[in-house]
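Open the model in a viewer and follow the selections below in order. Each stop says what to pick and what is there.

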Amino acid sequence: MRIMVVLTLLALLLSGSPAFSAAPGQDLIIANEADVTLFDPIRIQEAPTSFVAGFIYDQLVQRADDGHVVPSLAERWKLSPDRRVWTFILRKGVRFQDGSELDASVVEWAFKRALDPQEPSQFRGQFSIVQKIAVLDKSTIAFTLKDPNVAFLDYVMLTNGAFIPSKRAFETLGKD
């Protein structure tokens, strides 16, 4: 859905439509039903903020328009034979807007925040199926589930709590 909105807007911009023509350096304004309230993924609760956050953050995987699960920040993933361990291999060379690098420790930090009882996470319940998160190397992270759970991959791609923000930005600017 996100991709279709962006492609439609891009097509209108490139077509020279008067509704979307602007002098270089001008802003493109897109209407949203309400103001964005915050950008901390684990605290997002309402649709307008979630909609905008979806253009800012990425998840490990995403769902294509045809319904298939496709790579996003993870280039590939595998499920263990006992269906409890999900291992994700991250794309190399991914950098956040602040220049910091995406690696498995950042992914671990983001998911541990979602699970941390000291954090105001709206997604702790969904991710409570996770028993352990392990950084296997710089580009590999494994999630061990308490029991096999077919919903885990959906949680990783469909919840705001699975958006991966820059750890450096949070350390520098704070969660607000």
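**Stop 1: Leu-90**

Select Leu-90 and, ignoring neighbours within four places in sequence, show its contacts (heavy atoms within 4.5 Å): Leu-60, Leu-73, Ala-74, Glu-75, Leu-102, Asp-103, Ala-104, Val-107, Lys-138 and Ser-139. The model is a predicted one, in which local features need pLDDT of at least 70 and side-chain atom pairs count only at pLDDT 80 or more, while totals for chains, interfaces and linings use all residues. Residues are numbered from 1 along each chain as its sequence is written, and side-chain values use heavy atoms, with hydrogens and water left out.

Leu-90 belongs to strand β4, residues 85-90; helices (H or I, at least four residues) and strands (E, at least two) are DSSP runs numbered from the N terminus. With a relative accessible area of 1%, Leu-90 is buried. Buried means under 20%, exposed over 50%, and partly exposed in between (1.4 Å probe, protein chains only). Ser-72 is 18 residues from Leu-90 in sequence, and their C-alpha atoms are 8.7 Å apart.

**Stop 2: the largest nonpolar core**

Next, select Leu-60, Phe-88 and Phe-143, which touch the most other members of the 33-residue largest nonpolar core. Such a core is a set of buried Ala, Val, Leu, Ile, Met, Phe, Trp, Tyr and Cys residues joined through side-chain atoms within 4.5 Å. Two or more residues each come from β4, α3 (104-115), β5 (130-137), β6 (140-145) and α5 (152-158). The largest share, seven residues, is from α3. Around Phe-143, leaving out residues up to four places away in sequence, the residues touched include Leu-60, Trp-86, Phe-88, Phe-111 and Phe-152.

**Stop 3: salt bridges**

How many salt bridges are there? The count is eight, each being a side-chain nitrogen of Lys or Arg within 4 Å of a carboxyl oxygen of Asp or Glu. Pick Asp-154 and Arg-63, whose closest N and O atoms are 2.7 Å apart. This pair links distant parts of the chain, helix α5 and strand β1 (residues 61-63), 91 residues apart. Asp-154 is partly exposed at 28% relative accessible area, and Arg-63 is partly exposed at 39%.

Then show Glu-119 and Arg-113, bridged at 3.3 Å, N to O; both are buried. Bridges that share partners join Asp-40, Arg-43, Arg-113 and Glu-119 into one network. Within this set, Asp-40 and Arg-43 pair at 3.8 Å between the closest N and O atoms, and both are buried.
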